[in-house]
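Thank you for sending this entry over for comment. I have set out my remarks as numbered points, to be read alongside the coordinates.

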Amino acid sequence: MIEVYAPASSGNFAVGFDLLGAALAPVSGALLGDIVAIESSNSGQDEFICSGKYAEKLAGPKEDNLAYQCLVHFREHVSSDMPACKLELKKNLPVGSGLGSSACSVVAAFAALDKFANTNLSQKQLLALMADFEEKVSGGRHYDNIAPCYLGGLQLCGDLVPNNSLALPTDENWQLVVAYPGFALNTAKARAVLPKEVSMHTSINYGQRLSAFTALCFSGQFDSAIALMKDELAEPYRQSLIAGFSDAKVALPELGAEVVAISGAGPTLLALTKSETQAQAIDAWLKENYLNENGFSHICKIDNRGTRVLEKGESDVIA
Ligand SMILES: Nc1ncnc2c1ncn2[C@@H]1O[C@H](COP(=O)(O)OP(=O)(O)O)[C@@H](O)[C@H]1O
Ligand SMILES: N[C@@H](CCOP(=O)(O)O)C(=O)O
């Protein structure tokens, strides 16, 4: 049996709407992401199981589940002679969270199928397959969850980027606090509130911020880079969809947060600081003030490993 883990990711990373995203690893060492287990099927037919903490949100027909759709697509279009398999999605991320939940299932499923069938697809082929599925559910073609989820790190990604993704250097001191408030916000819905067009001024600001952020990361000037982490494209239109976000945006800088942003399309909040003590204070404030009984908050670092095959026993500690 092969078990493939795909980490949660934070799309946009404040400064790169649809073009920048980071993979996340809780400092506790626990896994925050979906797992796909795949093995040969004894029945001679493909089998699908969805388990895990958030499986009940995907309790409908298996045909509605992205991981099952990946299996069907892979057999029809990539490897028709692949042996019959039993594929289990362990759904450990909440759906509609802003942590790249749909990307996580898609990436884990395709990576597991590629390994099981020994198809050895290239990075470009896999990312293209993954982006097709992300596009179907979210209402826009964006790589800012699938690329970091698959490759790890902080990725600048898009159709015009060579191989669709380029890893940026990051500061080892970054502490990323991600707080999921416990309710869902559908990505397609959060994209529908965005303006279809933006002004020349806004476009130029966006280009400046993202290009300067990228150049500063490459020259190791991380403090200047994070000073540019501002989202003028999506946050102004989305913040009213996220109860508590505006209050957190005011409160968290007083606790040392250098950036407070919406993670992906929300409702997860992303806060960045360089101090462990401040990260703990931010995490405590969010637990007290931002979450309902279904929410969670984790202090994370950037996950530089991305999607990977788990060793035996490694899947035991789920965040
Ligand atoms: N395995 C899966 N993981 C996540 N979402 C799935 C999965 N299978 C189907 N879906 C559907 O895809 C949609 C994903 O919603 P979206 O808001 O894009 O999630 P997220 O922002 O967490 O990626 C939901 O309608 C959900 O029911
Ligand atoms: N760039 C996308 C990111 C969506 O991330 P998700 O985790 O909410 O699916 C957007 O902002 O719409």
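1. The structure is a predicted model, and its confidence values should be kept in view throughout. The chain has an average pLDDT of 96, with 99% of the residues scoring at least 70, while the scores for the model as a whole are ipTM 0.97 and pTM 0.96.

2. The chain is divided into two parts, domain 1 (2-168 + 303-316) and domain 2 (175-302), so described according to an automatic or database domain assignment. The C-alpha centres of domain 1 and domain 2 are 23 Å apart, and the contact between them involves 33 residues of domain 1 and 35 residues of domain 2.

3. Which strands supply at least two residues each to the side of domain 1 that touches domain 2? They are β2 (9-11), β3 (20-26) and β7 (154-157), and β3 gives the most, with six residues. By class, that side of domain 1 is made up of 18 nonpolar residues, 14 polar residues and one charged residue.

4. Around ligand 1 there are 22 residues, of which L66, S101, S102, S105 and T187 come nearest. Two or more residues of this shell are given by each of α1 (66-78), α2 and α3 (123-138), and the largest share, four residues, comes from α2. The shell around ligand 1 contains eight nonpolar, 12 polar and two charged residues, and at least three residues are drawn from each of domain 1 and domain 2.

5. Ligand 2 has 16 residues around it, and those that come nearest are G11, G98, T187, G264 and A265. Its shell divides into four nonpolar, nine polar and three charged residues, and here too each of domain 1 and domain 2 provides at least three residues.

6. Not counting residues up to four places away in sequence, G152 touches A23, D303, N304, R305 and G306. The C-alpha atoms of G152 and P7 are separated by 8.1 Å, although these residues are 145 residues apart along the chain.

7. D46 lies in the loop between β4 (33-40) and β5 (47-51), and D46 is partly exposed because 17 other C-beta atoms lie within 10 Å. Its contacts, leaving aside neighbours within four places in sequence, are with S41, L71, R75, A84 and C85. D46 and T307 are 261 residues apart in sequence, and their C-alpha atoms are 23 Å apart in space.

Conventions: Residues are numbered from 1 along each chain as its sequence is written. Chains are lettered from A and ligands numbered from 1 in the order in which they are written. This is a predicted model: local features need pLDDT of at least 70, side-chain atom pairs count only at pLDDT 80 or more; totals for chains, interfaces and linings use all residues. A residue is near a molecule or strand if its C-beta atom, placed from the backbone, lies within 6 Å of it. Ala, Val, Leu, Ile, Met, Phe, Trp, Tyr, Cys and Pro count as nonpolar, Asp, Glu, Lys and Arg as charged, and the others, Gly among them, as polar. pLDDT is the predictor's confidence in each residue, from 0 to 100. Two residues are in contact if their C-beta atoms, placed from the backbone, lie within 7 Å. A residue is buried if 20 or more other C-beta atoms lie within 10 Å of its own, exposed if 12 or fewer, and partly exposed in between; C-beta atoms are placed from the backbone.
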